[in-house]
Amino acid sequence: MSSTRRIAVILGVGPGLSTSIAKSLSTTHSLVLLSRSLPDSLPKLNLPSTIPKDNILALSSDGSTSSLQKAFEDLKKHWPEGRVDVGIYNVNQKFNLNGFLDKKEEDLRRGLESGVVGAWNLSQSLLPLFLSNSPDPTTGAKGVLLFTGATMSLKAGGKFSSLAPGMFARRALSQSLAREFGPQGVHVGHVIIDGIIDTQAVKGMMGENGNKRLQPDDIAQTYLSLVNQPRSAWTQELDLR
């Protein structure tokens, strides 16, 4: 298996955590980067030049079934002999902090689409590929599927009524998939980010305060450790704060 190209798929790629995750995986995997704005926004990610360009495939996907089907068809054409064994769902919905009575049903539907529907669709695309793999000789995993969670995955704050339901559901999806596919050799994990990530966008809105924020490169190391966890001690959920 050492000569086989290993492939990691990340949905919800933008500057910040997903870019840090991509960097952390780039030493062992070729990268399939998916978001609505890709491939046009790829230069804005500022990925290090040490990652060979032919190890990056940037494709457009909004998490819908049709866009993911097209993306995975393009992936198969681009790297026909590759082994897809890592998937990361890192999609976020823009905050709408209007009060509940000022929100509409469309706000809830958008929150559910980003919170859980896209995660469901990505999982349905990835899991058949994982199950077709042989177990990794080091970890025993046929594939690793990780979902990014948030504080509102556990507790819904005021004015998060359109976003929290989708994040609760994302957590539930990860638990269900872990119980179904863990025995089949797929490691499914949910990473709760219980705090503010110190991205450039956050710095622009809130100023410098890095000592009280989570650093994206440090969070990414946790994702990397989950990818490399041996099967005898897989983590299903953890939180970072």
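**Aromatic pairs and a covered helix**

Tutor: Leu17, Ser18, Thr19, Ser20, Ile21, Ala22, Ser24 and Leu25 are the buried residues of H1. The model is predicted, so local features need pLDDT of at least 70 and side-chain atom pairs pLDDT 80 or more, while totals for chains, interfaces and linings use all residues. Residues are numbered from 1 along each chain, and side-chain values use heavy atoms, without hydrogens and water.

Student: What makes helix H1 mostly covered?

Tutor: In H1 (residues 17-25), 8 of the 9 residues are buried, where buried means under 20% relative accessible area, exposed over 50%, and partly exposed in between (1.4 Å probe, protein chains only).

Student: Why is the pair of Tyr89 and Phe147 called tilted?

Tutor: Ring centres must lie within 6.5 Å; planes under 30 degrees apart are stacked, over 60 edge-to-face, and the rest tilted. The centres of Tyr89 and Phe147 are 6.5 Å apart and their planes stand at 55°, so the pair is tilted.

Student: How do you know that Tyr89 is buried?

Tutor: Its relative accessible area is 1%, therefore Tyr89 counts as buried. Phe147, at 0%, is likewise buried.

Student: What makes the pair of Phe95 and Phe160 edge-to-face?

Tutor: The angle between their planes is 85°, with 5.4 Å from centre to centre; an angle over 60 degrees meets the edge-to-face criterion. Phe95 and Phe160 are 65 residues apart, and the pair links distant parts of the chain.

Student: Why is Phe95 called exposed?

Tutor: Phe95 has a relative accessible area of 52%, so the residue is classed as exposed.

Key. Rings of Phe, Tyr and Trp (its six-membered ring) pair if their centres lie within 6.5 Å; planes under 30 degrees apart count as stacked, over 60 as edge-to-face and the rest as tilted. Helices (H or I, at least four residues) and strands (E, at least two) are DSSP runs, numbered from the N terminus.
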